[in-house]
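Let's walk through this structure together, starting with how one chain holds itself together and then turning to a few spots in the other.

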Amino acid sequence: MTELPLIGEAPVAADSRLDGAKIGVVTFPGTLDDRDAARAVRLAGGTAVALWHADTELADVDAVVIPGGFSYGDYLRAGAISRFAPLMSKIIDAANSDAKLPVLGICNGFQILTESHLLPGSMIKNDHLKFLCRDQVLRVENNTTAWTADYAAGQEILVPLKNQDGQYIADEKTLDELEGEGRVAFRYVGFNPNGSRRDIAGITNAAGNVVGLMPHPEHAVESGFGPESNGGTDGLGFFTSVLNKIVGGAK
Amino acid sequence: MTTETNKKFNIDTVENAANTPDTELPWAELGLKQNEFEEIVKVLGRRPTGAELAMYSVMWSEHCSYKSSKNHLRQFGQKVTEEMKKDMLVGIGENAGVTNLGDGWAVTFKIESHNSPSFVEPYQGAATGIGGIVRDIISMGARPVAVMDPLRFGEIDHPDTARVMHGAVAGIGGYGNSLGLPNIGGEMVFDSVYQGNPLVNALAVGVMRHEDIRLANASGKGNKVVLFGARTGGDGIGGASVLASESFDDTKPSKRPAVQVGDPFAEKVLIECCLELFKGSLVEGIQDLGAAGISCATSELASNGDGGMQVELTNVLLRDPTLTPGEILMSESQERMMAVVTPENVEAFEAVMDKWAVEYAWLGEVTDTGRLIITWEGEVIVDVDPRTVAHDGPVYDRPYARPSWQDALQADHFTGSAADAGRPAAPAELAAAVTELVASPNMCDKSWITKQYDRYVGGNTAMAFPDDAGVVRVDEKTGLGVALATDANGRYTYLDPYNGAQLALAEAYRNVATSGAVPMAVSDCLNFGSPEDPDVMWQLAESIRGLSDACMELGVPVTGGNVSLYNQTGTTPIHPSPVVAVLGKLDDVARRTPSGWKEDGQAIYLLGTTADELDGSEWAKLRGHLGGLPPRVDLAAERELGEILINASRDGMVDSAHDLSEGGLAAGLVESALRYGVGARIALEELLERDGVDLFTALFSESQARAIVSVPRSEEVRFKDMCTARGFAHLRIGVVDAASNALEINGVEAMSLDALREAHEGTLPKYFG
């Protein structure tokens, strides 16, 4: 276990009902947005637990976030090496178990989830071949997952997007299945920033506990430090969704 | 590959050197002058060994020794008041200066050049520029929190500019994005003077608690010296290959890159690994390996320490086993650090290395001999006083004189008339001129570049491009943070180096104040031509004199920086380009002031006065003119303006503020409108009467110490009273008009924001795809 190297302390969240819920945030070598994901968990009211890729046991957590970054430098292929980390096999088992551990993969985390076969498809280089950082509108296509229940179906949210290998691809059959089963969780609206098939920004597994997306909801959780329009906190719903699910009952 | 390393080289030992005084050495090929070589022989009392020659030659180079600028740079340390020293925790001379932020926080920042590598190989040159400056920040014990990159390239339509632009921007993004450091701003200037000498400067800022400050020194006899991070390879060796006499086999890779190759993943792991070392107080001293590699790290650590150092060079982990001792000492392989560790901490140190899977090698230990001794399989190949390598290099008083052409240049003022389109007057022509200006390469929107950089990572970016300064939160509990801006205007400095350097500082200072932050410290990157040219040397001397005087007057000390000389093609130097970075402090970053208008009906005020100052301006550049005198410097007015902007931000009197500089009021108005897509109605009649200028001059002059602010109606009286009480010129020039979707200026044909945006944002994509 490693202690996340935090700068300062975040303000304590107001809703004490949620702070018993523990969300693990995994750090691999080269992970970048782990502190941001932990902050998002705290701001949503939960307790963030730092998880280290080399841990051979999954600590006592109620959900897991696999944050963004360039784990192992994206060498070989984004997520291809991290997928073999000792902790990942535990997370894969927990996600597939009857308990259906909620798992969210953001950006590089999404890439790791597809490499782990928890989610279908893959990400290739953006169609314009450049890294792109922008505020992106997404439509929540499925609000029944563990990570989207606090959104309205069809709600449009604004969150930052920043990646080089963000073009979601899968074969037509898989894409049709995803569409048919309502497993396209998020779609790009107005502008497809990377050439993703069918404007897909994020998907869920059939059970709705494993969700992956390229944009970064953890960068839209605090006014003044995220997108300038829409209040900048549209991403908070990911974290409140899972926390409310964990503690049970409605808000 | 053979493991019998001693068989591969004719090792030139100290003993051998003493016995063979007449051996010819390639000192000239290594860039040393005859007098410098003779000085080395005198210092050592014998000829240097090959390894010693390698060390002296890189450490006595212009880049490492500052031999041409040192005599002038002293002014930065001399022109400092007690008041300015109050918050300086670490000054010039360490890897980077450290400034007190209060509440137990300290901040360290530094700007450096990576110019010539970025011309040869733009991607790796720019990438490793970021890598190097970030390691300087880590070396101080800080967590790096942001980067910025001022860039200067050749003309936008020159065929080679696209090569440098694509490579450098991709390199900065590719490396910086992978480190998890937000890129919060910078500059982009196109000018033919940079065609063969692009300037790629990189700034990094880091924060730490006071007790975590680390220094680069090796003290305490018996403490262990360790090299960790990436392996040492053949990249960035530069001149060392002429030491071929050391080698008698031909198994070497035949071609090696002169430019270092970066691995951002290794650097990211190194950052986290170092922070964990600091947290456990596991290192006594630490130094990054940059220019001159192990030569620099060993000699500087030993020279700054209280004793000496003994190192066994064959312990260095190599990527290329054919490297000779001289090459190992000179290699500039990236992502390496050297540290001094007490014997008690060795085990804990190794545990941190193992956790992050970072390779390390124990090279030797700190001694009390006062000597830096380097052995190769036990045989002494270097035996020097480390001070003579690291600090007592040659210092030159290069001759300098005001160039013979300077007077004629300064007499050649920008004239222009309505007839030659130099000073348009009709409403339609003025609107066309404003549009032309904001679409021009230097004034156009730079998001083609900045959208390739991650500005969000870390979650503490409170402001970034295109606002006047980048703002990063340091303490999440209190909102304490820092603001940073970098500026330089090579055209101004060419016209008048003394005032031009001051204008660079004034603009960076103003940009930081515009964000609401209190300016605290300066770092500078002095990019000039050859110091052996008396004209250039005069530009350098005058710039340093001007900058140091201005720092004193504005009360902001220089805490570090870098000098980059020989930026010239043949005998044609670049414009003197002192890039000045100013760091400021915000007690609560939530109070930062953005540059764009938002609220309908707010009053727009122009602070400061406007004179006919078109010489050296962006408008003059568009008309192909460079001559005359740069805008007048008024540091007292800059200071007053800064205080008004800071107080207005603190007391909530302004909702937006934007400094006026290149492109003048015209650029400022358009940028404030396009920031959030909110227009305004502007009337300048009162200004024209008060300042005695025409409408064209009011819009395009680059008079300094000016800013535009938008003031909520409820705050107008208070704001005006504050300006009046301070005796600072202020004028209500218009009102924010959210409904118009246009910028309407009396006397200028109305400009729709859509058309302005198309012009402003279209330029870089047009040239670079």
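In chain A, 75% of the contacts with a separation of 6 or more are between residues 24 or more positions apart; two residues are in contact here if their C-beta atoms, placed from the backbone, lie within 7 Å. Before going further, please keep in mind that this is a predicted model, where local features need pLDDT of at least 70, side-chain atom pairs count only at pLDDT 80 or more, and totals for chains, interfaces and linings use all residues. Residues are numbered from 1 along each chain as its sequence is written, while chains are lettered from A and ligands numbered from 1 in the order in which they are written.

How confident is the predictor about chain A? The average pLDDT (the predictor's confidence in each residue, from 0 to 100) is 92, and 93% of the residues score at least 70. Residues 1–13 of chain A are a stretch to treat separately: pLDDT stays under 50 there, and the model has 36 contacts beyond four places in sequence for them.

Now for the overall form. The C-alpha trace of chain A spans about 45 × 40 × 35 Å along its principal axes.

Chain A has 5 helices and 11 strands, taken as DSSP runs (H or I, at least four residues, for helices; E, at least two, for strands) and numbered from the N terminus. Look at helix α1 (residues 34–44) and helix α5 (residues 236–247) of chain A: they pack at an angle of about 60 degrees with their axes 9 Å apart. Axes are lines fitted to C-alpha atoms over the stretch in contact, and angles run from 0 to 180 degrees between N-to-C directions. From α1(A), A:Ala40, A:Val41, A:Leu43 and A:Ala44 make the contact, meeting A:Leu236, A:Phe239, A:Thr240 and A:Leu243 of α5(A).

Moving to chain B, B:Glu272 is found in helix α10 (residues 264–279). Why does B:Glu272 count as buried? Because B:Glu272 has 21 C-beta neighbours inside 10 Å.

Conventions. Buried ≥ 20, exposed ≤ 12 C-beta atoms within 10 Å, placed from the backbone.
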